[in-house]
Amino acid sequence: MEKLQLKIDRSAEEVMREDALKSFPNECCGFFFGFENGTRNVQHAVPISNKKTGDQRRRFQIDPKDYIWAERHAEENNLQLLGIYHSHPLHPAQPSEHDRVQAVPWFSYIILSVQPDKIEDLNSFQLNESRQFEQETIITK
């Protein structure tokens, strides 16, 4: 798989960062939208409610109705649903095995490492043909 660049508008990145800090110590999650023309361009992000029952500090779950909403939102706004973001409270911005197993091809997965008072790191990953994550290059614009 050719390694893609992910260009993120500052406003979209700020939405993700604020959501991660607000949700701490639980994991946050949301969608991001934009377009792809050899490079993925993230224009905006939308937080959604973590529907995981039980311990949300180590897992997130997205309601199927939220996926349907995201697809409609993309279509109605002439955008593509490019992927999902979520936070890792007190853990690195690296995908877990659970993240890998749950991931689908083509989507980008942005992970934010969050501490009580700051975002420590932000990375993005995409599955390759072997269903392993490869890190994407992030450019903030």
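How far is the sulfur of C29 from the closest cysteine sulfur, and in which residue is that closest sulfur? The sulfur of C29 is 6.8 Å from its closest cysteine partner, the sulfur in C28, and this is too far for a bond. The views below come from a predicted model, in which local features need pLDDT of at least 70 and side-chain atom pairs count only at pLDDT 80 or more, while totals for chains, interfaces and linings use all residues. Residues are numbered from 1 along each chain as its sequence is written, and side-chain values use heavy atoms, with hydrogens and water left out.

**View 1. The cysteines C28 and C29.** A disulfide is a covalent bond between the sulfur atoms of two cysteines; here it is counted as a pair of cysteine sulfur atoms within 2.5 Å. Because the sulfur of C28 has its closest cysteine sulfur in C29, at 6.8 Å, the distance is too far for a bond, and the count for the model comes to zero disulfides. C28 is buried, with a relative accessible area of 2%, and C29 is buried as well, with a value of 0%, where buried means under 20% relative accessible area, exposed over 50%, and partly exposed in between, using a 1.4 Å probe and protein chains only.

**View 2. The cis peptide bond from F24 to P25.** Most residues other than glycine have a negative phi, and most peptide bonds are trans. The bond from F24 to P25, however, is cis, with omega near 15 degrees. P25 is placed in the loop between α1 (10–23) and β2 (29–36); helices (H or I, at least four residues) and strands (E, at least two) are DSSP runs, numbered from the N terminus.

**View 3. W106, with a positive phi.** In W106, a residue other than glycine, phi is positive, near 80 degrees. W106 is found in the loop that lies between α3 (97–102) and β5 (108–115), and with a relative accessible area of 38% it is partly exposed.

**View 4. R131, with a positive phi.** Although R131 is not a glycine, its phi is positive, at about 60 degrees. The loop between β6 (118–127) and β7 (133–140) holds R131, which counts as partly exposed at 33% relative accessibility.

**View 5. Q115 and its contacts.** Q115 is found in strand β5 and is buried, with a relative accessible area of 18%. When its neighbours within four places in sequence are left aside, Q115 is in contact with L21, F24, L90 and E120, contact meaning heavy atoms within 4.5 Å.
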